[in-house]
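These are notes for a student who is reading the model for the first time. Please keep the sequence and the structure open and look up each residue as it is named.

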Amino acid sequence: MKKINTSLVITVLILISANSLAADQQHNLRVDGITCPFCVATSAKALQKIDGVNKINADIKQGIISVCADQKADLNDEKLTKLFLDKGFNYRGKETLLTCAIE
Amino acid sequence: MSFRCVCLLLISATHATPTIAASITFNTALPVSKNEFIIRNQIIVNRASDSDTSLTAASLVSTLVYGVTPTLAVFTTLPVTSQRLKTQNDQFTNTGLGDTELLARYTAYQQNSAGKTFRLAPFIGAKLPTGDEDTNSSPSLALGSGSFGFSTGLVATYATSDWTLDSQLAYRNNGNSNDIEFGDTFTFDASLQYRLLPKQLSATSTAFLNGVIELNVTDQRQNTSNGVNNKNSGGTAVFIAPGLQYITQRWILESSLQIPIQTNNAPLENDYIARIGVRTNF
């Protein structure tokens with residue numbers, strides 16, 4: 001019985017760990033110059049082309065574009081700086097949360 | 001707090017290229033990203049008259065804009081016009097291609113902050129005499145000027161999430177044709193676009209209705225022929241143009257009515273200029 005319980009615990013831990021690794025992270029990108037949803041849309045179109053990006057939100061008043069992506073998504077600062085410059089905006093940095101809160 | 005609500009963009013539901021509000025009566029403020037196109041088609045009805053004569057011009061004006069780089073955009077504008085001159089006893093018409101406009105705009109200064117942007121962009125342009133300047137009836141019915149011209153100016157945009165102000169100052173040399181030296185033109189245009197609906201940005205904001213008010217001031221030197229000024233040319237014209245823009249993620253429907261406040265020296269006084277158009281990005 002003790003052996004079964006141990007196996008169960010290990011299995012659950014593995015499942016939790018795997019789930020945690022597969023879960024999306026949320027990157028809150030600070031972007032200057034966006035003034036309307038349509039300004040965001042042009043950047044969102046480019047962001048969606050990055051492998052692993054799943055959801056995108058925007059808070060226009062705060063100048064924040066939130067991106068939920070899996071951990072293999074390449075969202076490095078250099079890439080994001082160029083992406084937003086091409087769209088006429090300025091990327092100022094990002095904050096990364098371990099879980100995605102975008103519905 | 002309500003104004004600080006998150007505007008949820010369900011971008012994943014669509015691959016639409018965005019469209020962004022801009023002035024209706026002038027093109028130089030149209031925003032375009034690198035490697036993207038904008039096409040704007042407007043039907044413009046321009047009516048001028050005096051006590052016994054009227055001239056009505058209905059044009060389909062197509063403007064194509066391409067973003068060469070994030071800061072350099074090129075524009076081509078091509079009008080097709082049908083004109084009708086009515087006098088007490090006769091009626092004349094003329095239809096065809098008008099003069100083509102080419103323009104390049106460089107965004108020289110851009111100051112972005114959270115939810116705001118200010119952009120300043122000089123531009124240069126050329127007018128090609130693709131419209132026929134010869135008519136069998138009246139010079140008023142000419143579709144083109146017959147002259148090459150060039151223009152230069154500066155366009156400024158200040159935009160927030162609630163409103164946008166576009167303005168431009170421009171100079172145009174109108175060239176000469178058939179021994180007529182066309183007077184140079186100076187223009188000032190301003191456009192205020194204010195979001196009427198929705199009053200507050202929300203997660204379900206997928207379309208906007210903008211109220212628009214524009215001012216157009218044009219001052220033209222008189223035309224000269226063999227050193228003699230044509231008194232029926234040139235002068236200062238001022239228009240005010242209320243309008244509306246319905247904006248979706250794929251296209252913008254826009255309309256305005258330019259009402260003359262002051263007319264220039266042309267023999268026929270402008271009654272109105274009405275516009276309705278559709279704009280899309282791709």
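1. Glu254(B) and Arg40(B) form a salt bridge, with 2.9 Å between the closest N and O atoms. The term salt bridge is used here for a side-chain nitrogen of Lys or Arg within 4 Å of a carboxyl oxygen of Asp or Glu. This pair links distant parts of the chain: Glu254(B) is in strand β17 (residues 251-262) of chain B, and Arg40(B) is in strand β1 (residues 37-49) of chain B, 214 residues apart. Helices (H or I, at least four residues) and strands (E, at least two) are DSSP runs, numbered from the N terminus. Both Glu254(B) and Arg40(B) are buried. Buried stands for under 20% relative accessible area, exposed for over 50%, and partly exposed for what is in between (1.4 Å probe, protein chains only).

2. A word on the basis of these notes: this is a predicted model, in which local features need pLDDT of at least 70 and side-chain atom pairs count only at pLDDT 80 or more, while totals for chains, interfaces and linings use all residues. Residues are numbered from 1 along each chain as its sequence is written, chains are lettered from A and ligands numbered from 1 in the order in which they are written, and side-chain values use heavy atoms, with hydrogens and water left out.

3. Over all chains, there are 13 salt bridges. Another of them joins Asp32(A) to Arg92(A), where the closest N and O atoms are 2.9 Å apart. Here too the pair links distant parts of the chain, as Asp32(A) belongs to strand β1 of chain A and Arg92(A) to strand β4 (residues 90-97) of chain A, 60 residues apart. Asp32(A) counts as buried because its relative accessibility is 14%. Arg92(A), with a relative accessible area of 42%, is partly exposed.

4. Where do Asp86(A) and Lys82(A) lie? Both are in helix α3 of chain A, four residues apart, which is about one turn of the helix. A network of salt bridges links Lys82(A), Asp86(A) and Lys34(B).

5. Next, the nonpolar cores. A nonpolar core is a set of buried Ala, Val, Leu, Ile, Met, Phe, Trp, Tyr and Cys residues joined through side-chain atoms within 4.5 Å. The largest one has 29 residues, and Leu29(A), Leu47(A), Ile65(A), Val67(A), Leu75(A) and Phe84(A) have the most contacts inside it. Two or more residues of this core come from each of β1 (25-32), α2 (37-47), β2 (53-59), β3 (64-69) and α3 (77-86) of chain A. The most comes from α2(A), which gives five residues. Apart from this core lies another, of 14 residues, including Phe26(B), Leu30(B), Phe75(B) and Ala121(B).

6. Leaving out residues up to four places away in sequence, Ile65(A) touches His27(A), Leu29(A), Val31(A), Leu47(A), Ile56(A) and Phe84(A), among others. Contact means heavy atoms within 4.5 Å.

7. Rings of Phe, Tyr and Trp (its six-membered ring) pair if their centres lie within 6.5 Å; planes under 30 degrees apart count as stacked, over 60 as edge-to-face and the rest as tilted. By this rule there are eight aromatic pairs over all chains. Phe37(B) and Tyr66(B) have ring centres 4.6 Å apart and planes at 35°, so this pair is tilted. Phe37(B) is in strand β1 of chain B and Tyr66(B) in strand β2 (residues 54-67) of chain B, 29 residues apart. Phe37(B) is partly exposed at 29% relative accessibility, and Tyr66(B) is partly exposed at 25%. Ring pairs also bring Phe282(B) into a cluster with Phe37(B) and Tyr66(B).

8. Last, some strands of chain B. Two strands pair if DSSP finds at least two bridges between them. Strand β8 (residues 149-160) of chain B pairs with β9(B) in the antiparallel sense over ten bridges, and a hairpin through two residues joins β8(B) to β9(B). Phe150(B) stands opposite Asn173(B) in β9(B). β9(B) also pairs with β12(B), in the antiparallel sense and over ten bridges. Thr185(B) in β12(B) is the bridge partner of Arg172(B).
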